[in-house]
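Have a look at the spaces in this model first, then at one pair of packed helices. The model and its sequence are shown here.

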Amino acid sequence: MPTPTFLKLPAAKQERVLAAAVHEFSQRNVEQAVISNIVKQAGIPRGSFYQYFANKEDLYVYMFETLRARRREYTRPAFESFKKEPFLTFFERFYQLDTQFLFQHPQHIDLGKIMYSHAYGVSRGLIDAVQRRYRDIFLVAITHDQDLGRIRKDVDARAVADLCVHFMTDIFIFQNFSRRMSLPALEEHMRGILNVIRHGIE
């Protein structure tokens, strides 16, 4: 994570470093990323980099957490319906907002492709943390719906939560974003899947 020196920098300079990190890590995984590319893109001396971060892994985690926080803020309106409306209503809104954010920030899609295609080391740890967070949130809402009779008691809540986690994080989504699918097409696809979950096939 960043040092106090970095956190004292003007916001504009912090953003330059962040943008340089996004540019580099959206093209190369952590192991292959080159610090000299980052400092050149950011317009800072190489020595300054080590005053801001211990290593490129630290910068990577900072970049990831910062971008995730911005995504969470964008999807916050979906949580107005959390545990108030049926889980699948909440999930559909949450998914819509998340995909809207990604379509508006295509570099995040590129980052996701690199991260998921090199899912080991620090990347694996970050992916696991995100998936646990999603799973925990979804489980709370699913079991709440079961208590209210909105979802049958015999439904495996963990299986449904895991299925929704995969929709949010799996690599096939990043592969299809923006190049093969429009946002309306992706939303229509999700509505079709949710209808299958709601009504079953047998």
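The largest pocket holds about 450 Å³ of space. A pocket here is an open set of points on a 1 Å grid with protein on both sides within 12 Å along at least five of seven lines, while a cavity is a set where a 1.4 Å probe fits but cannot get out; lining residues have an atom within 4 Å of a point. This is a predicted model, with local features needing pLDDT of at least 70 and side-chain atom pairs pLDDT 80 or more, though linings use all residues. Numbering starts from 1 along each chain.

Ile 151, Val 155, Val 160, Ile 197 and Arg 198 lie nearest the centre of the largest pocket. Helix H6 (87-104), H9 and helix H11 (183-199) each give two or more residues to its lining.

Searching the whole structure turns up three cavities of 30 Å³ or more. In the largest cavity, the closest residues to the centre are Phe 64, Arg 68, Arg 71, Gly 112 and Met 115. H5 supplies the largest share of that lining, six residues.

| Space | Volume | Lining |
|---|---|---|
| Largest pocket | about 450 Å³ | 17 residues |
| Largest cavity | about 240 Å³ | 16 residues |

Now for the helix pair. The axes of H8 (residues 121-148) and H9 (residues 157-169) come within 8 Å and cross at roughly 135°.

Definitions and conventions:
Side-chain values use heavy atoms; hydrogens and water are left out. Axes are lines fitted to C-alpha atoms, for helices over the stretch in contact, and angles run from 0 to 180 degrees between N-to-C directions. Helices (H or I, at least four residues) and strands (E, at least two) are DSSP runs, numbered from the N terminus. Grid points are joined across faces, edges and corners, and a volume is the space filled by probe spheres set on the points.
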